[in-house]
Amino acid sequence: MTSGSYDQTFDLTQAGSWNAAFITANGGTIASAFAALSTGLAGGNAYLNVHSTFAPGGEIRGFLTASAVPEPSSYALMIAGVLAVGGLARRRTRQG
């Protein structure tokens, strides 16, 4: 395959979703391996390398990032800020 898309969901509670060496190197349990992965994601240091029989050394490589999803309070604060700026702009046009 030279192009296309790939969609796979991994159950990180199952040992088969992990490299055994990674589990061993990070405390020996799936929970400790997950904690190490989470720490790596948070620090921008999580690396993914997909291996296949075609390219046993890995054919897809790259750093993983965790996307931050804004919390409802962030949206509320943003809306309040926009309303405040709008109110100030309106007030200035009335005074001028």
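**View 1. Strand 1 gives the largest share of the lining of the largest pocket, five residues.** Welcome to this predicted model, where local features need pLDDT of at least 70, side-chain atom pairs count only at pLDDT 80 or more, and totals for chains, interfaces and linings use all residues. Residues are numbered from 1 along each chain as its sequence is written, and side-chain values use heavy atoms, without hydrogens and water. Helices (H or I, at least four residues) and strands (E, at least two) are DSSP runs numbered from the N terminus.

**View 2. The largest pocket has a volume of about 810 Å³.** Its lining counts 20 residues, and Ser 17, Tyr 47, Leu 48, Asn 49 and Leu 64 lie nearest the centre. Helix 2 (30-43) and strand 1 (46-50) are the elements that give two or more residues to this lining. A pocket here is an open set of points on a 1 Å grid over the protein atoms alone, where a 1.4 Å probe fits, with protein on both sides within 12 Å along at least five of seven lines; lining residues have an atom within 4 Å of a point. The volume is the space filled by probe spheres set on the points, which are joined across faces, edges and corners.

**View 3. Tyr 75 sits in helix 3 (residues 72-95).** Why is Tyr 75 called partly exposed? Its relative accessible area is 44%, and partly exposed covers what lies between buried (under 20%) and exposed (over 50%), with a 1.4 Å probe and protein chains only.

**View 4. The whole chain has three helices and two strands.** From the N terminus on, the order is α-α-β-β-α. Buried residues make up 7% of the 96 residues.
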